[in-house]
Amino acid sequence: MKTCDQLGDYLAQLLDVNARAVVEAHLQECSACRAAAQQAEKVDKSLRAFLLQREFQVSPLTTRRLPDLVKTQRREQRARGVRTAFAGMAAATLALVLIVARRNAESPLRANDANVGAANASTAPQVPKITLLFEEGAKLSDPTLPGARHLDVPGDGRLVVRAGEDIIGLGARSQAELPEGQPQDSVIRLASGVVAVQAAHRSAQGSLSVRAGGYTVRVVGTRFVVTWDGVSHLLVGVSEGVVRVVDPHGGERSVRPGQQMTFSEQDPGTLEALGSEALHSMDQALDAARQPASPAPFRGEPAVLRSQPSVSAIASELDDASIKQLILEGAYARAERALLARVGAAPRDAAAWWLLGECRRKAGQSQQSVSAYRRLIEVGGPAERNRARYQAALILEERLNSPAAAIELYRAYLAAPAGTRPLEASAQLRLSRLTRP
Amino acid sequence: MNERLSQPSDEVVIARLAAGELSELGVLYVRHGSQVLRFLTHTTGDPSAAEDLCQDVFLAVPNAAKRYRELGKLRPWLLGIAARKAKSWKRRQWVRATLLDRFRFWAPLESECEPPHALPAQQSAIERAFVCLPQQFREVLLLQVAEGLTGLEIAAALGISPGAARVRLHRARQELRKLLGDAAFDVEAVA
């Protein structure tokens with residue numbers, strides 16, 4: 001092999017000491033190779049200066065907590081394995097029950113029952129058949145389904161039923177009346193709590209509605225979740241299809257896939273991106289419903305939460321590391337409550353505002369996370385302020401489609417003192433893309 | 001006694017971790033955490049995500065330690081885990097962006113990337129050019145130029161052949177020069 005051909009290996013540091021010496025001697029004689037080596041050296045030198053200019057420090061807190069985090073992670077992995085096994089067994093059992101039920105229905109011994117059913121259908125309005133799919137800690141008004149129309153989940157349990165072709169899940173501390181009327185035009189009445197729905201596709205005239213307080217959420221074949229606090233606040237999140245929300249005054253708003261909207265007397269509806277976790281399956285929406293009831297996921301100004309003594313008790317128990325751990329574990333609602341209590345007690349607690357922004361960002365609550373970052377911009381030190389500017393700008397640009405606000409923040413970021421802009425290059429690039437005519 | 005000598009070597013720490021002594025994890029984190037964090041910050045471009053991923057890298061170490069075979073330094077092995085975590089993070093970002101159809105991919109795509117001379121001039125050209133490089137090029141440059149890994153170590157860290165590492169490094173430098181403009185690295189200017 002010619003020595004010139006070994007230049008690539010030399011620059012990639014793939015040669016042993018002897019081969020390197022041969023190439024280095026060759027560089028003295030061959031001007032083309034020397035020029036190429038010098039160019040590479042210059043690129044590397046400039047790049048090294050840029051890459052090493054900033055010191056990266058790891059947190060001593062994390063250093064101490066790593067062993068505990070590993071233990072927690074292992075525990076969760078074991079629990080997930082057990083849950084998966086149970087879910088598999090439940091699915092197999094359900095399939096078996098359905099097969100047996102279908103065989104019984106087709107049996108001639110059931111002919112009389114079928115005739116009775118047909119006679120009833122001619123005199124009474126047809127109602128969708130209710131089948132229990134999954135129940136955990138729920139209370140049924142009539143345990144001999146079908147027929148249980150009033151459902152109540154008093155504690156941290158949950159309940160999933162199939163009503164006709166629709167699948168309806170009820171979260172923790174929820175009460176609802178299941179569909180009544182024609183299957184094509186059914187109504188769920190939500191007294192309080194969370195209901196997650198996967199509605200079957202209906203004809204253009206038919207619909208499925210959830211009524212909560214004076215609100216009506218109407219859909220034609222979609223997947224969505226409705227939370228009602230029983231008094232004033234409604235949250236509607238949609239992962240498939242489009243729903244229309246009619247407020248008590250007759251006003252109408254549409255919520256589209258990937259969006260969630262909150263409603264109250266004071267707030268006619270605020271749109272934001274749906275938490276990505278909620279997008280993929282109704283199960284995940286139900287898991288979210290299992291979080292302890294609180295106003296935190298969609299409202300929760302510090303003033304509201306300050307009045308709850310239990311929250312300040314939580315805050316006093318949780319330091320930064322514990323809150324980070326909660327966020328890492330995905331317990332966003334708990335982390336958010338603790339952080340809101342902290343900023344309620346100390347409104348200039350920059351670390352808490354930063355964590356609040358991070359917690360909400362990870363929970364998919366983009367608008368609220370920007371609010372937290374904006375508060376940090378008001379109360380933080382120079383470096384913290386700039387970090388918050390960059391994060392808020394990213395969310396505004398990428399999730400909330402607000403280029404004007406993002407441009408303003410990127411500009412402020414770049415105008416900040418040197419040493420507080422570790423991501424200057426990215427900010428420049430993003431700004432130039434946003435301001436490109 | 002020399003303080004350095006009293007500290008257990010990386011290999012000893014890894015062996016202890018494989019035996020279940022989780023308290024040793026902090027030692028590795030202190031020794032290599034900042035380099036892993038630097039690599040992840042430059043690879044992802046998102047400091048918050050980099051912090052999370054850095055923690056994930058070290059959380060993965062106790063399980064991976066059982067499969068660790070001493071091939072030289074430990075850092076290339078850790079950076080290899082970090083590279084895989086960063087790739088998987090990028091994939092998740094992409095899935096999310098595609099599903100919601102409203103989010104844009106985090107990193108500047110090659111086609112979207114502006115040549116540095118079209119960007120505002122306050123920033124150093126090298127910095128702007130580096131951000132524009134594709135992730136696989138940024139990875140190899142970071143590993144060699146910032147972390148001082150040899151071609152063989154880079155190949156081991158990224159799970160590619162030494163030949164592929166050489167080609168990637170060559171193309172990465174070529175791309176960087178193209179973005180910066182050949183004039184900036186004219187041989188005559190160097191000489």
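Two residues are in contact if their C-beta atoms, placed from the backbone, lie within 7 Å. By this criterion, 56 residues of chain B are in contact with 48 residues of chain A. The model is predicted, so local features need pLDDT of at least 70 and side-chain atom pairs count only at pLDDT 80 or more, while totals for chains, interfaces and linings use all residues. Residues are numbered from 1 along each chain as its sequence is written, and chains are lettered from A and ligands numbered from 1 in the order in which they are written.

Helices (H or I, at least four residues) and strands (E, at least two) are DSSP runs, numbered from the N terminus. The elements of chain B that give two or more residues to the side touching chain A are α3, α4 (47-64), α5 (75-100), α6, α7 (135-146), α8 (151-158), α9 (162-180) and α10 (187-190). The largest share, 10 residues, comes from α3(B). By class, this side of chain B has 31 nonpolar, 14 polar and 11 charged residues. Here Ala, Val, Leu, Ile, Met, Phe, Trp, Tyr, Cys and Pro count as nonpolar, Asp, Glu, Lys and Arg as charged, and the others, Gly among them, as polar.

B:Tyr29 is found in helix α3 (residues 25-44) of chain B. A residue is buried if 20 or more other C-beta atoms lie within 10 Å of its own, exposed if 12 or fewer, and partly exposed in between. B:Tyr29 has 23 C-beta neighbours inside 10 Å and therefore counts as buried. Leaving aside neighbours within four places in sequence, B:Tyr29 is in contact with A:Val58, A:Thr62, A:Thr63, A:Leu66 and B:Phe58. B:Tyr29 and B:Phe58 are 29 residues apart in sequence, yet their C-alpha atoms are 6.9 Å apart.

Helix α16 (residues 424-434) of chain A packs against helix α6 (residues 125-132) of chain B at about 70°, with the axes 9 Å apart. Axes are lines fitted to C-alpha atoms, for helices over the stretch in contact, and angles run from 0 to 180 degrees between N-to-C directions. The two helices, α16(A) and α6(B), are therefore roughly perpendicular. Angles under 35 degrees count as roughly parallel, over 145 as roughly antiparallel, 65 to 115 as roughly perpendicular and the rest as oblique. A:Ala425, A:Ser426, A:Gln428 and A:Leu429 meet B:Glu127, B:Arg128 and B:Val131.

Chain A comes to 16 helices and 15 strands. Of its 437 residues, 37% are buried. Within this chain, the axes of α10 (residues 320-329) and α12 (residues 350-362) come within 10 Å and cross at roughly 5°. They are therefore roughly parallel.

A nonpolar core is a set of buried Ala, Val, Leu, Ile, Met, Phe, Trp, Tyr and Cys residues joined through C-beta atoms within 7 Å. The largest has 103 residues, and those touching the most other members include A:Leu339, B:Val36 and B:Leu53. Helix α11 (residues 332-345) of chain A gives the largest share, 8 residues. Apart from this core lies another, of 36 residues, among them A:Ala172 and A:Val255.
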